[in-house]
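Welcome! Take a moment to look over the sequence and the 3D picture below, and then we can walk through them together.

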Amino acid sequence: MSKKPFSLVSVLLLLAVTVFAGGAKEPSAAKAAPTQPAALAPETEDWEAIAKAAQAEGKVVIYSLSSRIFDAVKTFNAQYPGITVEASDMTGPDQVEKLTREQAAGVYNVDVLNIASGPTVVNELLPKGLLKNYVPQVLVDGKASKDVIPQAFREPALVHSLEAKVVFYNFETYPQPPVDSLWDLTRPEWMGRVQMKDPMSTEENMNLLQTIVQKADLMAAAYKEEFGEDIKLSPGIKNAGYEFILRLVRNKLVLVTSDGTASKAVGTAGQKNPPLTFAVASSKIRDNAGGQKLAIAWNLKPKVGIVKENYLLMANKAPHPNAARLLIRWMLGDAKGGAGMVPWYVEGQWASRSDVPPVGSVGLGDLGKYTWSIDYPYVFKEGLAVRDFWLGL
Amino acid sequence: MADRLVLGRLFRRPERAWGAGLIAVLVVLVVIPLAIIAVDTFRFDESGPRMVPGAVPGQWTPFYWIRVLAGGFARSIFYEPALHSLLVALGMTVVSLGLGSILAWLAVRSDLPWKGFFSTVLIIPYIVPSWTVALAWITVFKSARFGGTPGLLNYLLGVDVPEWVAYGPLPMIIALGVHYVPYTFVLVRGVLANVDSRLEESAELLGAGRFEVLRRITLPMALPAIGSAFILTFSKGLGEFATQAFLGLPLRYYTLSTRIYSALNNRIFGEGYVMTLILILSTALMVWMNQAMQGTRKRFVTMEGKGSRKKPVALRGWRWPVTVLVSLFVLLFVFLPLLLLAWQSLMRVDGRYGLDNLTLHYWFGDSNPVLAAGQPGIFRSPTVWAAIRNSLLLAAVTAAVSGAVGLLLGYSVVRNRGRPSSRILEGLSFAPYMIPGIAFSGIFLTMFARRWGPIPSLYGTFALLALTCITKYLPYSSSSGIAAVHQIDGSLEEVGMIHGIGWMRRFTGIVMPLARSGILSAVLLTFITTMRALDVVVLLVTPKTVLMTSMIFRYQSQDFTQHAYAVMLVIVFLVLACQGILNRLGGKMEL
C-alpha cells in the first residue's frame with residue numbers, strides 16, 4: 001500500500017486550504033467577474049459583423065433541455081468553424097437552479113438557454129433580469145423574424161419550438177379513438193387505465209391540471225355535452241375543473257415516473273385492453289417507427305391537452321454575446337425546418353416559425369383548435385392552489 | 001481501555017490536533033450548508049407570495065414549518081409519507097442487514113464453497129441502480145391492468161397478480177433490501193475478517209453450540225459495525241428516491257423522499273428544506289443513540305497483540321443446502337436483473353424479446369439513421385470515453401481521499417471517546433449523508449463559485465466535483481473508520497509508546513495495517529457510490545467533466561434505452577475490475 005504518504009499529504013492540504021479559507025472569507029466576487037460583454041452590434045443587425053465578432057469570441061455556452069442540442073452543434077460547427085459550442089443537457093429545474101446559483105455567485109458562464117419551465121422563466125427569470133429575450137431580426141434564410149414568427153412567440157420570450165402534452169391511445173386495438181371527451185377518462189371502463197407521469201414531479205403535467213381548472217367552464221360544458229346533464233359537484237369542490245381531477249384520481253389514475261413508461265404501456269403492440277395516457281407528443285410518436293402503436297386522440301372535447309413552449313433565451317451578461325446571437329439564429333432554422341432546426345423538426349413538435357410546414361397532420365396554426373396554451377401568469381399565481389388540492393387528494 | 005496510560009501532552013496525542021482540524025473543515029463544508037438550509041426554512045422563498053398573500057421573499061416566517069407539521073396539508077405532505085418512509089426504510093434495512101450479515105459470515109467464516117465467486121458477484125446489486133431490481137420485479141409481477149408488455153407470471157400462467165404485490169411498500173422493501181445487501185455485506189465482512197477465530201473456538205471448546213457461538217461471540221463482536229451499517233442503510237432507505245417513485249407512484253404511495261424531490265423540483269424550497277431538516281435530525285438522533293448504546297455496552301476489542309488465526313467454521317450437513325440457497329439468491333437477484341440489462345442493451349427494437357432482435361449496434365455500431373436517431377454505439381462516442389476517464393478518476397480520488405480522512409477521523413473519534421469533540425466530529429462527519437444531493441451541490445456551487453482567500457474560484461473544475469463527492473460520501477469512510485479503530489486494542493499502541501516509537505510510525509505500522517480491511521471496504525463502497533452518483537454532480541458537471549452517469553441520464557432522457565443500459569454495464573464491469581485490484585491490495589481480506 002503506497003497510499004499512505006499520499007493520503008496524509010492530501011489530508012493536510014485539504015486542512016490547510018480550508019482552514020485558511022475559513023479565516024479569509026471576505027467577499028471578493030469582483031475578482032471572479034467575467035470578461036466584459038463585447039458591445040452588441042447596432043440596431044440594424046449586421047450579421048457579417050456579428051459573425052466576425054463571434055469568431056473573435058471563439059466560443060459559446062448553451063444549456064439545453066434536449067440532448068438533441070448535440071446534433072444542432074454539429075451543423076453549427078460545420079457552418080461556423082472556429083466557434084466552439086460548449087453544450088450541456090439538463091432538465092429545466094436543473095438549468096434554473098444552476099443559472100440562479102451561478103449568477104448569485106457572480107459567475108456568468110452560460111450564453112444561451114434552451115429551456116421550457118415557462119412559469120419560472122416568464123414570471124421570475126425574465127423579470128429579474130437573469131435571462132434576456134433576444135430575437136434576431138433577420139433569420140438564416142433572409143426572412144424577417146416579425147414576418148414569420150407570431151408575436152406571441154417573440155414576446156415576452158422567444159419560442160424555439162412547441163410540444164404538446166396530449167392524450168394517446170393504441171391505434172392497433174382501437175382503429176378509431178376510443179374516447180371523444182376528457183370526461184370519458186373518468187368513466188368506469190377506464191378505471192385504472194389512464195396513466196400519466198407524476199404531476200408533482202413534472203411541471204408541465206401540473207400545468208395541465210392547472211389549465212383544466214382554469215378552463216372549468218369549458219369542462220362543465222363538455223360534461224353536459226357528454227352526459228346530457230349539468231355536472232353535480234362533489235361536496236367542497238369549487239368547479240368542474242377540480243371535479244374532473246377528483247374523478248380522474250378516484251378512477252384510479254396510475255402515476256408513473258416517466259412519459260416513456262406511460263407511452264410504452266399504451267403503445268405496445270398486441271394488447272387487448274391498453275390504457276390511455278397523457279404524454280409529450282414529439283418524443284413518443286417517433287417510437288412508432290419501431291412498431292409502437294401510438295396515436296393522439298386529437299378530437300377530444302373540450303381539448304386534447306396543452307401545448308408548452310420551449311424557449312431560446314440569452315443569459316444575463318452572456319460572456320459571448322455575439323456567438324450567442326449567431327447560435328440562436330442558427331437554431332431557429334429556415335422555412336423548411338432545416339439548418340439548426342433539423343433535430344427538432346419531428347412529428348409532435350412544431351417550430352415557432354409559421355412558414356415551416358408541419359411534419360404531422362396538425363399544423364402550428366391548428367394547434368389552438370385542439371389544445372390549450374398555458375397561461376403562465378395564471379398558473380404561476382393561482383397554480384399552487386391546484387397543487388395543494390392535488391396534495392390533499 | 002485506551003486511556004490506561006494518561007498522557008496529557010498533545011504531542012503524544014496528535015489525533016486531538018487533527019481532530020480539531022477536521023472539525024474546522026467540516027464546519028465549513030457541512031455546517032455552513034446545513035445552516036443555509038436551516039435559515040432558509042424560516043424565510044419566504046420565491047413561492048411565498050403565491051402561497052401567502054402579502055408575503056415578501058426573504059421575510060422571516062414560521063410558515064413552512066407550520067405548513068409541513070401542523071397545517072391542513074400536514075397529513076398528506078408529511079405525516080403519511082413519513083410513516084411510509086419509516087416502514088420502507090425499516091423493512092429494507094431488516095432485509096438487507098439480515099441477508100448481508102449472514103452472507104458476510106458465510107463468506108468470511110464458513111467453509112462455503114466458491115467464496116471468492118460469491119463475494120465478487122454479491123457486490124453487483126449495489127453497482128446497478130436500485131431500480132434495476134424493481135424493474136426485474138415488475139417484469140415478473142406486472143398485471144395486465146397496467147398495460148404494455150404483460151408481466152411474466154401473467155403471461156405464462158394467466159394469473160392477475162394483486163396490485164399490492166406488484167407495487168407499493170412490499171416490492172419497495174424487497175427491491176431496496178436486495179439493493180443494499182452488498183452494502184451491509186461489505187461493511188460486516190470487513191469486521192468479521194478481523195475477528196480472531198480463537199475466540200469462537202474457545203467457546204466451542206467450552207461446550208457452546210454453533211448457534212450459541214454465533215449469538216454470544218461473533219454477533220456481539222460484529223455489533224458496532226452492524227450498528228453503523230444499520231444506520232447507514234436505514235438513512236439510505238429514507239433518502240432513496242428512484243425506486244420509491246417507480247414502485248410507489250402507481251398506487252399514489254408517497255414517501256418523504258418523493259415529497260422532498262417534488263418540492264425542490266417545483267422550487268418550493270421552504271417546504272422541501274423543512275422535510276430535509278427533519279430527516280437530518282432524525283438521522284442525527286439515531287447516530288446519537290448508536291453512540292450511547294456503544295458507550296454503555298461492553299466494547300469488544302478483537303485485535304490485540306497476540307497472533308490471530310482464522311479457521312473456517314464447518315457447515316457440515318448444512319453446507320450444500322446453504323450453497324443452494326446462496327446460489328439461488330445470486331441467480332434471482334444478481335444475475336437475473338443483470339441479464340435483463342444486458343439483453344435490453346442488445347435489443348434492436350426495445351421491448352422485443354426474440355433472438356432475431358439481437359444486435360451489438362448500440363455498443364459498437366456506427367451511426368445508422370434508422371436506429372436511435374443515428375446515435376452511434378457507445379464505444380464509438382468520444383464523449384463516452386471521456387466520461388469513462390472522468391468517472392474513474394473522480395471515483396478513485398473520492399474513494400482514496402475520503403478513505404484516508406475516514407481513518408484519521410475514526411482514530412480521533414475512538415481514541416477520544418467521551419470527550420465532546422469526539423461526539424461532535426462523529427456527528428458532523430455523518431450529516432452530509434442526509435442532505436439531498438441536489439441541495440448539497442447547489443450550495444457548494446454557490447459557496448465555491450467565488451474566490452475565497454487562497455482558494456480560487458472552483459467553478460466548473462474537477463476539484464469542485466471531487467470536493468463535493470468527498471464531503472457527501474465521507475460518512476461511508478468515517479463510520480467504517482470508527483468501527484475499524486474500535487476493534488483495535490489500545491494496548492497495542494501503548495506498547496509502541498512505551499518503546500518510544502513516534503506517533504507516525506505507530507499509526508502507519510500498527511493502526512493502518514489492522515484497520516486496512518475495514519477501510520478498504522469503505523473505499524470500495526465510496527468508489528461504487530461515486531461511480532453511480534448523479535444528483536450530487538448534476539449541477540457541477542460541465543462538458544469537460546462529463547461523467548458516465550450523466551451519459552446514462554442523457555441517453556435515457558432521449559429514450560435511447562439500449563445505450564443507457566450499455567453504459568450501466570460498463571460501470572458494472574469497471575467496478576468489478578477495480579474491486580479485483582482492491583482485493584489484491586487488501587490481501588488480508590481473505591475472500
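Let us begin with one pair of side chains, R353(A) and D355(A), which meet in a salt bridge with N and O 2.9 Å apart. Keep in mind as you look that this is a predicted model. Side chains of opposite charge can pair when their charged atoms come close. Are the two partners buried or exposed? R353(A) has a relative accessible area of 1%, so it counts as buried. D355(A), with 26%, is partly exposed.

Now step back to see the chain around this pair. Chain A contains 14 helices and 12 strands. Of its 393 residues, 60% are buried. Among the contacts in chain A with a separation of 6 or more, 77% join residues 24 or more positions apart.

Chain A can also be read as two domains: domain 1 covers 8–162 + 308–368, and domain 2 covers 164–307. Where they touch, domain 1 of chain A gives 16 residues and domain 2 of chain A gives 11. Together the two domains of chain A bury about 1100 Å², with 59% of that area on carbon and sulfur atoms.

How many salt bridges are counted between domain 1 and domain 2 of chain A? The count is one. A salt bridge joins the side chains of K308(A) and E204(A), at 4.0 Å from N to O. On the side of domain 1 of chain A that touches domain 2 of chain A, α5 (118–128), β10 (305–315), β11 (349–351) and α13 (367–370) each supply at least two residues. That side is made up of six nonpolar, six polar and four charged residues.

The whole structure holds 27 salt bridges over all chains.

N207(A) is buried, with a relative accessible area of 5%. Leaving aside residues up to four places away in sequence, N207(A) touches P119(A), I306(A), I374(A) and V379(A).

Next, turn to the place where the two chains meet. Chain B brings 77 residues to the contact and chain A brings 79. Between them, chain B and chain A bury about 6900 Å², 61% of it on carbon and sulfur atoms. In chain B, the residues that lose the most area to chain A are R50(B), R252(B) and R267(B), which together make up 10% of what that side buries.

Five salt bridges are counted between chain B and chain A. In one salt bridge, the side chains of E46(B) and K128(A) meet at 2.7 Å, N to O. The side of chain B that touches chain A divides into 44 nonpolar, 16 polar and 17 charged residues. Eight residue pairs are in polar contact between chain B and chain A, with both residues at pLDDT 80 or more.

Our last stop is a salt bridge within chain B, where R216(B) pairs with E212(B) and the closest N and O atoms are 3.2 Å apart. The two residues are four apart in helix α12 (residues 210–239) of chain B, so about one helical turn separates R216(B) and E212(B). R216(B) counts as exposed at 55% relative accessibility, whereas E212(B) counts as partly exposed at 31%.

Methods: Residues are numbered from 1 along each chain as its sequence is written. Chains are lettered from A and ligands numbered from 1 in the order in which they are written. This is a predicted model: local features need pLDDT of at least 70, side-chain atom pairs count only at pLDDT 80 or more; totals for chains, interfaces and linings use all residues. Side-chain values use heavy atoms; hydrogens and water are left out. Domain bounds come from an automatic or database domain assignment. Contact means heavy atoms within 4.5 Å. Buried area is the accessible area (1.4 Å probe) that two parts lose on being put together, summed over both. Ala, Val, Leu, Ile, Met, Phe, Trp, Tyr, Cys and Pro count as nonpolar, Asp, Glu, Lys and Arg as charged, and the others, Gly among them, as polar. A polar contact is a pair of N or O atoms within 3.5 Å; within protein, one must be able to donate a hydrogen and the other to accept it, and residues adjacent in sequence count only if both atoms are side-chain atoms. Buried means under 20% relative accessible area, exposed over 50%, partly exposed in between (1.4 Å probe, protein chains only).
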